[in-house]
Structures are given as C-alpha cells and as structure tokens.
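Dear colleague,

I am passing a structure on to you, with the sequence and the 3D view placed just below. Please look through it first, and then read on for notes on what was found.

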Amino acid sequence: MSHPPPLPDSDDAQRPDRVEDYFRDGAAPNEALLWWQLERQDALQAALRALFQGPAGLTRLRLWVFLELMALRESRLTREALNQAFHVLRDEVLDSVLKRLREAELLAWDATAQTYAVTPLAQQVVGLLQPLTQEQSPDGDLASLLAGVAGAHQLGTLQPAQLQHLLAQLSRLYDEFADAIASGSEFALRRARTRFEKALTLVDRAGEALGAIIAQAESAGEARLERLARELGLAQARLLAMASQFNRALQQADRQRVTLGSTGITTTDVRRWLQSQGDLAALLNGAWERPVHPVLVAQRDLVDTAEAEFERDRPKPADAAVLPQGQTAPPGELAVLQLPPEMGQMQALLNAWTAAGTTEPQDLAPAVLGGSYARAAYRAQLLPLLGDAQARHLKGATGDMARQPWSVRWSAEQGEVDDEFVKWMSRGVLNPEPNSP
C-alpha cells in the first residue's frame, strides 16, 4: 500500500512562497473565492503565525503578554510602564516577546518618543482571540456564531460567509440530534434533548435578527445574502419540527424500560448506579478469592438425611403479620413532554371552523402565518398530515391532526401576504370534508 509523500518541511521553511507545490496541477486555486480572500489577509496570517509558532508554553506566554498589553488603557506605552505591568517576567523574556510582536507589526516603536503603540492589525487579532478568554460551554459554538451574525448585522458588516458557517453548524447539529434519535438509547436521547432545547432557545432568540437580515437583503438587492438567510430559516424550522421526534423516541424508550421484580427498581436505575461507580472492576474485589467447594454425598447419606428431615419436630409457623397502615403519598409533579404549541393552535383553529359549521373553503394564510418565519414553515409542514390514511390510526396529537375533517389544496399561484415575517407565499385553501372519519 503506497503512502503519500511527506510535506516538504525543510523546503517550505526556505521557500514559503511555494505553496503551489502542494497542489496536483502545480497551481493554487486562484478562482476560489475563499482562497482569494485568504490571500488578501497575508498580514493577519503572519501575525497569527508569530503568536502561535513554537512550543506550547512559549505560545501561551506570547498570548498572555499580547492580551494583557491590549487591555492596558494607555495609548502610548513606555518601556518603564511595560516593565511595571510585566514585572513577573524576566527582562530577557519580555524583550524577546516584544521583539516578536514588533516583527509581526502588532506593536509599533516610536524611536523619537521612545514609546510603543498598538497597531490596527493588533486590534483585528485581539478580536479573533476573544474566544480564548471566555468560558467554554456545550453550546458555545452555536452561541458564538449567532452572536457574531447578530452583532455584524447591527453594525452593518455582515458577510455571506458568516451565514454560511452558521448554516453549516445548524446542519451538523441536526445530524447529531438525528443520530441520537436513531440510536434508541435513553441516556443519549436525554443528553441530546438537553442540548437540543438550548440550541432551539438560542436560534429562537436570533429569529428576529434573521428576519431583519432577510428584509435588509431584499431592500439592498443582495441575492446571495437573502438566499442564505432563507436557508437559515428553513434550518430553524427543521430543528423545531424535531421536537416531536424526540417525544416519540423518549416514549418508546419508556415503554422498553424493564422493572426488576417487585422491587420497583428499573434497568434505568441500575444503569445510573453503574455509571456512578468510579471503578467497575472494584465491584469484583474478593469475588475470585472464593473458589467453588464441591460436596460429594453418597446415596445412603441422602436417604438418611431425608428421613431425619421428615421425622424431626418442625417449628410452629409464625402468625401472619398485619399489613402496615397506609401513608399519604408526598406531593410531587409529573413532568410531561409537550409538542410545540403550533400544532395545538392549528387544531384549535380547525376545530373552531368545524364547530361553526363552515362548508366553504378557507384560505391557508390564517392557519399558516403568525409568530415567525420558522413557525410558519413548521405549520406548513403539518398540513400534509390532514387526511393521511396511515396517520389516522395513531394516538396523540399526530393522529388527532390526521383525523381533522379538512384537506389542503395548494395552488400554482403565488402572491404577497400581509405578515411581519413572510412577504410572499403560495396560494391554497383548506377544504372541509363532512364525510371524513
């Protein structure tokens, strides 16, 4: 089996401009937009290489000095001020770090005034390094992307690449949650459900910003930005629709839980207890020190023992004990997982039309629109359930939706609608079906 040749580290150090040698055709992909954007940021890449090049300890030292220096309020820094700020460092170490920062154009040295000054390039780099100073959380990846998109929109500096990265992260989260549902593991489902609720909360809070981005892109005529923003709305709707899948998977896991005898202990309790043990092998301590001792008994000995057992005086059986008095159960709360409220709202509207004896087709807009773009898209995904022959036999909200005496009929016509979040949608009506079961 052949292996690819190693990267030419020595040649790369001597000729750093020969990046074309890494490509099959001997030429860089200059027609790619991302490659062109990276070529324009040579100074920023050189500054990052200057900070991160070398051993881990030295890299951490440079980052600490750089971030502490950027937090100083003085616009002009003398060497005495730097010595006082970094008094814990040896002089030769501080000289080496300051020299590296000057060579990377992160610090400017004024020979006339004998002072240091922070460069605009350093301001860009410190913005990139902000996540290093923040506490990491399980949903920090999505929160940082959403904060960057919302903040860039408010400042008017939003780029399509930021929406593309956010869209890719939402797709990865959807696949991760789908894998947890397909696994059938109760513990994997509960862990994924917790992260799913946090992600859904973050995306819902950013829904207003996404709607504003769509409106701004339409007015500015930025087709790519508008397309990416609409794809983000669809990704948000997919996450919202996944809530019902989590409910069904958890209900299936509850039905598969086994109770061990009459103790009330379930397999879930046993698994939780095993997971709480630090060392499972320690539970077997001493078990292997007790070998099996076989007992060999002749037939006549068994007969003598049986006769003696039948002839001996047996103790009087104890009287039946009285059952203890009943006790009042302590108060508690039963947590029930609920579907998104949009399905209940749509069913309430359909039930109101049915109770009113409506026989004329009704417009789709009141049943679909309202709330946000993601909620409208979720309601539109519920419409195919109306009249579904297979879903009518199901229990719960899904079966109730399929048993509604209404059917949807979409039209090829499209037009504007009076809604805050949706400007244009396909026409359609809801037809009553009096003979529907």
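In which helix does leucine 350 lie? Leucine 350 belongs to helix 15, which covers residues 341–355. Please keep in mind while reading that this is a predicted model, so that each value below has been computed from predicted atoms.

Leucine 350 has a relative accessible area of 0%, and because buried means under 20% relative accessible area, leucine 350 counts as buried. Leaving aside residues up to four places away in sequence, leucine 350 touches Leu386, Met401, Gln404, Trp406 and Leu430.

When contacts between residues at least 6 apart in sequence are considered, 59% of them join residues at least 24 apart. The accessible surface of the protein chain amounts to about 30000 Å², and carbon and sulfur atoms account for 54% of that surface.

A pair of helices comes next. At what angle do the axes of helix 3 and helix 4 cross? The axes of helix 3 (residues 42–52) and helix 4 (residues 56–70) cross at roughly 120° and come within 7 Å of each other, and the two helices are therefore oblique to each other. On the side of helix 3, the residues that meet helix 4 are Ala50, Leu51 and Phe52, and on the side of helix 4 they are Thr59, Arg62, Leu63 and Phe66. Sorted by class, this contact of helix 3 with helix 4 has five nonpolar residues, one polar residue and one charged residue.

The last topic is charge pairing. Side chains of opposite charge can pair when their charged atoms come close. How many salt bridges does the count come to? The count comes to three salt bridges, taking a side-chain nitrogen of Lys or Arg within 4 Å of a carboxyl oxygen of Asp or Glu as the rule.

One of them joins aspartate 95 to arginine 79, with the closest N and O atoms 2.4 Å apart.

Glutamate 92 forms another salt bridge, with arginine 90, where the closest N and O atoms are 2.7 Å apart. Here glutamate 92 is partly exposed at 48% relative accessibility, whereas arginine 90, with a relative accessible area of 55%, is exposed.

In a further salt bridge, the side chains of arginine 227 and glutamate 231 meet at 3.2 Å, N to O. Both residues lie in helix 12 (residues 223–256), where they are four residues apart, about one turn of the helix. Arginine 227 counts as partly exposed at 43% relative accessibility, and glutamate 231 is partly exposed with a relative accessible area of 28%.

With kind regards

Technical notes:
Residues are numbered from 1 along each chain as its sequence is written. This is a predicted model: local features need pLDDT of at least 70, side-chain atom pairs count only at pLDDT 80 or more; totals for chains, interfaces and linings use all residues. Side-chain values use heavy atoms; hydrogens and water are left out. Buried means under 20% relative accessible area, exposed over 50%, partly exposed in between (1.4 Å probe, protein chains only). Axes are lines fitted to C-alpha atoms, for helices over the stretch in contact, and angles run from 0 to 180 degrees between N-to-C directions. Angles under 35 degrees count as roughly parallel, over 145 as roughly antiparallel, 65 to 115 as roughly perpendicular and the rest as oblique. Contact means heavy atoms within 4.5 Å. Ala, Val, Leu, Ile, Met, Phe, Trp, Tyr, Cys and Pro count as nonpolar, Asp, Glu, Lys and Arg as charged, and the others, Gly among them, as polar. Accessible areas come from the Shrake-Rupley method with a 1.4 Å probe; for residues, only the protein chains shown count as cover.
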